[in-house]
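Take a look at the sequence and the fold below. Then read on for a short tour of the sheet, the rings and the cores.

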Amino acid sequence: MQEAGWGEARARRPEVESVDVLFQAAGGATECSRWSSAAAEVVFENCPPLRPFPVRKGKRLAPGWWWSATTGRLVHYGSAAIRLHVMLLDRDPRVSGLAARPLELRWHGPRGVRAHAPQLMLRLADGQGVLADCTGRGELSRHQRSLAAVVGEICTAAGWRYWVLGPVDPIYRRNVTWLAGYRHPRHHGGQLLGAALREAFSEPAPLWEGVRRIGDPLVVLPALFHALWAGRLAADLGAAMHERMPVWAQVAE
């Protein structure tokens, strides 16, 4: 994740007091408010998508829904890049709320009214709001940099942040994708198994050795993968997962 850098673009900055935000309120009606006040008052992470992501012919991944372990609700996605980052944010301990396209910003630019609906909105554990867009490319186009500059400044003026989420290391992506299959609480295994996992990996130990010390791998492995997803156990997810990979218990803060 990286903060949008507005030093790279020479865009005309809107006055934050003139920026409007559209969102779907309770009851399904679309409301328009001043961003400066709504940013502090509206719980955007509870708003449904203002508009669903469209189906585009020729795309390998159609729009869909991700069940979020963080919120217990479905989060909409419209591309492989969005789905990837919804998955990663769902595992991020900083994130307490997550929604897709719940709002649209509108402001006056040199060529008239401009609008942008960021692909994701998240709430950090400290209460700060974040808007984010996802890209599968490492470099942004000139237009994307200009837009990121403006949206970044709109967010900063309201005490929010704006992230541009780019490519992810493929090994890390594959590992987290595997663990995501065990994110549901049904894989927790219960308190006794959780305590056994913490004891077996109180010091770094090879995954398979720790599992066999506890019991039946068919029972233990799902709970271990769930604990790795949830952060109760840790491993180097930047390296390929295998039976000898070191695993250790996270120290509770």
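Which residues form one aromatic cluster? The answer is Phe 23, Trp 35, Phe 44 and Trp 160.

This is a predicted model, where local features need pLDDT of at least 70 and side-chain atom pairs count only at pLDDT 80 or more, while totals for chains, interfaces and linings use all residues. Residues are numbered from 1 along each chain as its sequence is written, and side-chain values use heavy atoms, with hydrogens and water left out.

**Aromatic pairs**

Searching the whole structure gives seven aromatic pairs. Rings of Phe, Tyr and Trp (its six-membered ring) pair if their centres lie within 6.5 Å; planes under 30 degrees apart are stacked, over 60 edge-to-face, and the rest tilted. Here are two of the pairs.

| Pair | Type | Centre to centre | Angle between planes |
|---|---|---|---|
| Phe 44 and Trp 160 | edge-to-face | 6.0 Å | 75 degrees |
| Trp 178 and Phe 225 | edge-to-face | 5.8 Å | 90 degrees |

Each pair links distant parts of the chain. Helices (H or I, at least four residues) and strands (E, at least two) are DSSP runs, numbered from the N terminus. Phe 44 sits in the loop between helix 1 (35–41) and strand 4 (64–67), and Trp 160 in the loop between helix 3 and strand 11 (161–165), 116 residues apart. Trp 178 belongs to helix 4 (residues 170–180) and Phe 225 to helix 7 (residues 217–230), 47 residues apart.

How exposed are these rings? Buried means under 20% relative accessible area, exposed over 50%, and partly exposed in between (1.4 Å probe, protein chains only). Phe 44 is buried because its relative accessibility is 0%. Trp 160 is buried too, at 5%. Phe 225 has 8%, so it counts as buried. Trp 178 has 46%, so it is partly exposed.

Arg 183 lies over the face of Trp 66, 3.7 Å from the ring centre. For this, NZ of Lys or CZ of Arg must be within 6 Å of the ring centre and within 35 degrees of the ring normal.

**The sheet**

Strands of a sheet pair through backbone hydrogen bonds, either parallel or antiparallel. In this model, four strands make an open sheet in the order 3-2-7-8, with antiparallel pairing. Two strands pair if DSSP finds at least two bridges between them. Strand 3 (30–34) and strand 8 (112–116) are the edges, each pairing on one side only. Strand 7 (residues 103–109) is joined to strand 8 by five bridges. Gly 109 has Gly 112 in strand 8 as its bridge partner.

Helix 3 (residues 142–157) packs on the sheet and touches strand 7 and strand 8. Contact means heavy atoms within 4.5 Å. The helix direction makes about 100 degrees with that of strand 7. Axes are lines fitted to C-alpha atoms, for helices over the stretch in contact, and angles run from 0 to 180 degrees between N-to-C directions.

**The cores**

A nonpolar core is a set of buried Ala, Val, Leu, Ile, Met, Phe, Trp, Tyr and Cys residues joined through side-chain atoms within 4.5 Å. The largest has 48 residues, and those with the most contacts inside it are Leu 120, Leu 122, Leu 224 and Leu 233. Helix 7 gives the largest share, eight residues. Apart from this core lies another, of 24 residues, including Leu 103 and Cys 155.
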